[in-house]
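Take a moment to look over the chains before reading on. We will go from strands to sheet, then to domains, helices and the partner chain.

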Amino acid sequence: MNNRNMITAGVALAVLSAGASAWAAGNMANNEVRVGAYIVMYDAKADDLTGPYVPPGVNVDVKNVTTPYFAYLRRLSPHFVAQLAAGVPPKTETVGKGPATLGSVPFNGQVVSTAKWFSPSILVNYVFRDEDAALRPYLGAGVNYTRFYDLKSTAAGDAANGGPTAIKLSSSTGPVFTAGLRWHIKDNWSAYASYDVAKVNSDYVGDTAGVIRKTHIKFNPSTLVLSVGYAF
Amino acid sequence: MKTLALRIALLCSVAVLTACGSDTPTSAVDNSTTRGTLVENPPFRIASVDAMTLAAELGASASGTQLLQVTGAPACGVDFNYMHYYTVNASPTGDVPASASAALMIPTGAAPACSGPRPILLYAHGTQTDKAANLADITDPNNSEGALIAAMFAAQGYIVVAPNYVGYDTSDGTFHPYLNADAQSKDMIDALTAARKALGKVLASTTTDNGQLFISGYSQGGYVAMATHKALQAAGMTVTASAPMSGPYALEAFGDAVFFGKVNLGSTIFTPLLTTSYQKSYGNIYSATSDIFEDAYSASIEGLLPSTTPIDTLISTGKLPQLQLFNSTTPVTGNATLDALLAEPSDPNDPRTPLFRLGFGTMNLVKNSFRVAYVADAAGQPDGALLPQPTFQLATAPTNTLRLAFKQNDLRSWIPQVPVLMCGGGNDPVVFFPVNTITISYWWEAQGVPVARTAVAIPTSLVTVLDLEAGLGAGDPFALAEGGFATAKGAIYQAAYDSTVAAGGDAAAADQAGQFAVVQSYHTTVAPFCSAAARGFFSQFLGG
């Protein structure tokens, strides 16, 4: 997370604090918002790129990103919570993986394209221990939807592809799982740490002057989320 | 205006999920089908290699190493761009739009000879049976002609525009207008127009057109190069110089020589390419393919070439005979003159007799009846180049429609106004040098064009004739190319000789094998050495 994102998160927290209502003892709040950092680590596995004039072994990798995280939670029962979570769409960088050069054009390790993604998840979490416990671990499962947009081929990507390239990445719907720990700090405030894994698979299509190259990318994102929650 | 911009901004902010046109675009696409339209701009770049990488990749194969010895080390890198453009194809009712593709090879690199304003070489390739052939695809190991022009010209600072021709690769042309001067020159000129639109738009290139235009080509492409020079000159467009190589310029005389029994290597491939081209262009070559071709071949011959099936397979599956153009039982008409012209060559004193006789057999392609009709026309309306006292004039009024098409496309129909080098090998068994290059050079001379056949005559001549076998005598500026060609022939001879001896053959058999190997590869062996001569010839005009 860069400084600017930290500041954004801080401002969001301050705004929420200003409008805070009291944490009513013995009367559990039904709603909670969380804000924090979303640290996304990819273990991307893609098929080698196919299409005309593609030498063997041309592949891609995806760089890890950190982005502000936000979530809304709704208490369903003492042990069940519904969670709608998303990150501020970050710019993800795809890097070339394979030969050091294609012809004389640098490839391996070059940032060949960038994409933003909007990736909301809806989960149901089972929260262990009593509701007034300071530390409550939880497990959750749900559905993730990922849509890629603002896809851009970089100058290095255009050079490797052989010209200006229009990129498409299909949207993905897949399961998401989470394991986390809630620490009730004080009154309405809690801190959260969680580890999420999701299945995000997408079909890549690159169009360079009518020459179409394709691959299938399994992003395999695992995310570490550190957040602060405010219940109301 | 402001309202619209605001609306777009709002839409974008609301619909975070949609692209809102911010995705990077691919090349602009021009949907016009008018001549010279460049479809994708910038065009697709298949490969980009710097000078060192090009040298290393060529040097990785034996043929590439040999090529580099002729071309010299690359001075520039080369970007291999692959253009789609629009031109026309011929039809009996006039030109019809046709798409086509071409290589646009652009020199790259920091050296002054590799960037900035550079000359264009418009290059025409030789006969190709592979319909999928693409000169831009330098990654294809079969693309030897692409490698040759890349190393010879692009890597030495020429922007190379080399069409794949209508009827090849992605072209929607329904046939290839083989040796149709009008159609093929239009294809070349339209590729040039399209390429000029791409220059400056292509990736990472600071190379631009300096306004100089050189034209070259080999074999079929030698013919096309000359036809293109003729068409550009007629259109008043700039040509700096041209160097057509080993081409069938005097088509009528060449056709007559073949039908008289002097059968060239490759004739069973060239003949169907020619008849299909002229039939589809003019509609009058035959009413059925069986008018010309034996029944064993006539059913499939019209659409046979170019083909995605390898030529060896077409031959092994009986679609074409390998060498036998004419029936070895030659026709007897009762007319002694005709019968002598139709007889199988038998002159024991002509070293080419065994070669010519390879063109005769019982698996023959062309019917005796058609051969008689052609030869009768050629005897009654002779081509001046084949007369005992040659005049080099075209026949006055031929009536055989194939022969008429040859006359219509024979390049004894123009006179160059800028320098031309015609290079070839005097003993070429595929495209005969004397009946083509020498014929048109004498015809030009008869029209008052100064022709150099010796080095001393070059400075005062518009046309230079270079036979790699004979050279140009004292002060020959092409001596290196001639020497290289002699060495290459010697190596081919020796390799075949040695392998025959190694297999237990005696010296006579080894000698025969060596000579045969030279004949077999002669036409392709000439290409890099004439190309080197062409580059040397062009270099005197560079920057002028």
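Two strands pair if DSSP finds at least two bridges between them. Helices (H or I, at least four residues) and strands (E, at least two) are DSSP runs, numbered from the N terminus. This is a predicted model, in which local features need pLDDT of at least 70, side-chain atom pairs count only at pLDDT 80 or more, and totals for chains, interfaces and linings use all residues. Residues are numbered from 1 along each chain as its sequence is written, while chains are lettered from A and ligands numbered from 1 in the order in which they are written.

Start with strand S4 (residues 77-89) of chain B. It pairs with S5(B) in the antiparallel sense, over 13 bridges. Thr87(B) stands opposite Ala98(B) in S5(B). The two strands, S4(B) and S5(B), form a hairpin with 6 residues between them. In that turn, Gly94(B) has a positive phi of about 120 degrees.

Is strand S5 of chain B enclosed or open? In strand S5 (residues 96-108) of chain B, 10 of the 13 residues are buried, so the strand is largely enclosed by the rest of the structure. A residue is buried if 20 or more other C-beta atoms lie within 10 Å of its own, exposed if 12 or fewer, and partly exposed in between; C-beta atoms are placed from the backbone. S5(B) also runs antiparallel to S7(B), joined by 4 bridges. There, Ala102(B) stands opposite Pro163(B) in S7(B).

Now follow S7(B) onward. Strand S7 (residues 159-163) of chain B pairs with strand S6 (residues 116-124) of chain B in the parallel sense, over 3 bridges. Leu122(B) faces Val161(B) of S7(B) across this pairing.

Step back to the whole sheet. It is open, has 10 strands and mixed pairing, and runs in the order S3-S4-S5-S7-S6-S8-S9-S12-S14-S13 (chain B). Strand S3 (44-49) and strand S13 (451-452) of chain B stand at the edges with a single partner strand each, so one side of each has no neighbour in the sheet. Helix H15 (residues 433-446) of chain B packs on the sheet, touching strand S12 (420-424), S13 and strand S14 (463-467) of chain B.

Next come the domains. Chain B is divided into domain 1 (28-239), domain 2 (251-409) and domain 3 (420-529); such bounds come from an automatic or database domain assignment. The centres of domain 2 and domain 3 of chain B, taken over C-alpha atoms, are 25 Å apart. Their contact takes 9 residues from domain 2 of chain B and 10 residues from domain 3 of chain B. Two residues are in contact if their C-beta atoms, placed from the backbone, lie within 7 Å. On the domain 2 side, helix H7 (residues 251-259) of chain B gives the most, with 3 residues.

Ala257(B) is found in helix H7 of chain B. Why does Ala257(B) count as buried? It has 23 C-beta neighbours inside 10 Å, so it counts as buried. Not counting residues up to four places away in sequence, Ala257(B) touches Lys262(B), Leu386(B), Phe432(B) and Val435(B).

Finally, turn to the other chain. Chain A has 2 helices and 17 strands. Of its 232 residues, 39% count as buried. The contact between the chains takes 25 residues from chain B and 25 residues from chain A. S3(B) gives the most to the chain B side, with 6 residues.

Note on methods
Axes fitted to C-alpha atoms, helices over the stretch in contact; angles between N-to-C directions.
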